[in-house]
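I am going to look up a handful of features one at a time and jot down what I find.

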Amino acid sequence: MSLVVLFSTMSFSISEHYCGDLLVDSALFSKAESCGMEMEKSSSTNDCSVDKEDCCNDVVKHIEGQNELKTDLSNLNLEQQVFVASFVYSYINLFEGLEENIIPFKYYSPPLIVTDIHVLDQVFLI
């Protein structure tokens with residue numbers, strides 16, 4: 001339960017590096033490594049220059065966590081109220097014990113030992 005609270009309140013970011021349509025690298029909490037195909041912008045001394053479009057792009061997904069842990073239970077809809085009621089009912093009845101302890105092998109008599117199997121197979125616990 002503590003892990004659920006931890007991950008629901010924690011904010012994190014996922015960084016992805018795509019080269020064309022192919023995912024090259026993804027990273028959690030840091031920047032994804034590039035594939036090394038970024039175009040370098042060079043200053044041309046002449047008036048003519050050839051510019052190519054960069055096929056790589058970086059995508060950063062930021063996932064925001066909760067700021068408040070206290071939730072108000074008074075504004076639950078009917079389906080949520082039914083779920084909470086059935087969960088509490090099943091959880092309480094989970095620990096209900098039996099009135100009489102039933103042993104299914106109580107009247108079972110074990111077979112007669114003809115030979116000592118441990119000595120026959122020479123298997124000893126040390």
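This is a predicted model: local features need pLDDT of at least 70, side-chain atom pairs count only at pLDDT 80 or more; totals for chains, interfaces and linings use all residues.

**Entry 1: Ser-15.** I began here and found Ser-15 buried, because its relative accessibility is 6% (buried is under 20% relative accessible area, exposed over 50%, and partly exposed in between, with a 1.4 Å probe and protein chains only). Residues are numbered from 1 along each chain as its sequence is written, and side-chain values use heavy atoms, with hydrogens and water left out.

Ser-15 sits in strand β1, residues 12-19. I take helices (H or I, at least four residues) and strands (E, at least two) as DSSP runs, numbered from the N terminus. A polar atom of the Ser-15 side chain lies 3.1 Å from the backbone nitrogen of Ala-32. Which residues does Ser-15 contact, leaving aside neighbours within four places in sequence? I listed Asp-25, Ser-26, Ala-27, Ser-30, Lys-31, Ala-32, Val-59 and Val-60, with contact meaning heavy atoms within 4.5 Å.

**Entry 2: the chain as a whole.** I stepped back for an overview. The protein chain has three helices and three strands, and from the N terminus on its elements run α-β-β-β-α-α. Of its 126 residues, 7% count as buried. Among contacts between residues at least 6 apart in sequence, 47% join residues at least 24 apart. The chain exposes about 12,600 Å², and carbon and sulfur atoms supply 59% of that (Shrake-Rupley method, 1.4 Å probe; for residues, only the protein chains shown count as cover).

**Entry 3: the salt bridge.** How many salt bridges does the structure hold? I found one, using the rule of a side-chain nitrogen of Lys or Arg within 4 Å of a carboxyl oxygen of Asp or Glu. Lys-61 pairs with Glu-16, and their closest N and O atoms are 3.7 Å apart. Lys-61 belongs to strand β3 and Glu-16 to strand β1, so the bridge ties together parts that are 45 residues apart in sequence.

**Entry 4: aromatic pairs.** For rings of Phe, Tyr and Trp (its six-membered ring), I counted a pair if the centres lie within 6.5 Å; planes under 30 degrees apart are stacked, over 60 edge-to-face, and the rest tilted. The count by this rule comes to three aromatic pairs. One of them, Phe-12 with Phe-29, is edge-to-face, at 6.3 Å centre to centre and 65° between the planes. This pair links distant parts of the chain: Phe-12 is in strand β1 and Phe-29 in the loop between β2 (22-28) and β3 (56-63), 17 residues apart. Phe-29 counts as exposed because its relative accessibility is 53%.

I then turned to Phe-87 and Tyr-91. Why is this pair stacked? The ring centres are 6.3 Å apart and the planes are at 20°, so Phe-87 and Tyr-91 count as stacked. Both residues lie in helix α2 (residues 78-94), four residues apart, about one turn of the helix. Phe-87 is partly exposed at 48%, and Tyr-91 is partly exposed at 47%. Ring pairs also join Phe-83, Phe-87 and Tyr-91 into a cluster.

**Entry 5: a nonpolar patch.** Phe-83, Val-84, Phe-87, Val-88, Tyr-91, Ile-92, Leu-94 and Phe-95 make a nonpolar patch of about 880 Å². Patches are made of residues with over 30% relative accessible area and no salt bridge; like charges are joined within 9 Å, and nonpolar side chains (Val, Leu, Ile, Met, Phe, Trp, Tyr) within 5 Å. Ile-92 lies in helix α2 and is exposed, with a relative accessible area of 57%.

**Entry 6: positive phi.** Most residues other than glycine have a negative phi, and I went looking for exceptions. Phe-29, not a glycine, has a positive phi of about 70°. Gln-122 has a positive phi near 55°; Gln-122 lies in the segment after α3 (117-121) and is exposed at 64%.

Notes
A polar contact is a pair of N or O atoms within 3.5 Å; within protein, one must be able to donate a hydrogen and the other to accept it, and residues adjacent in sequence count only if both atoms are side-chain atoms.
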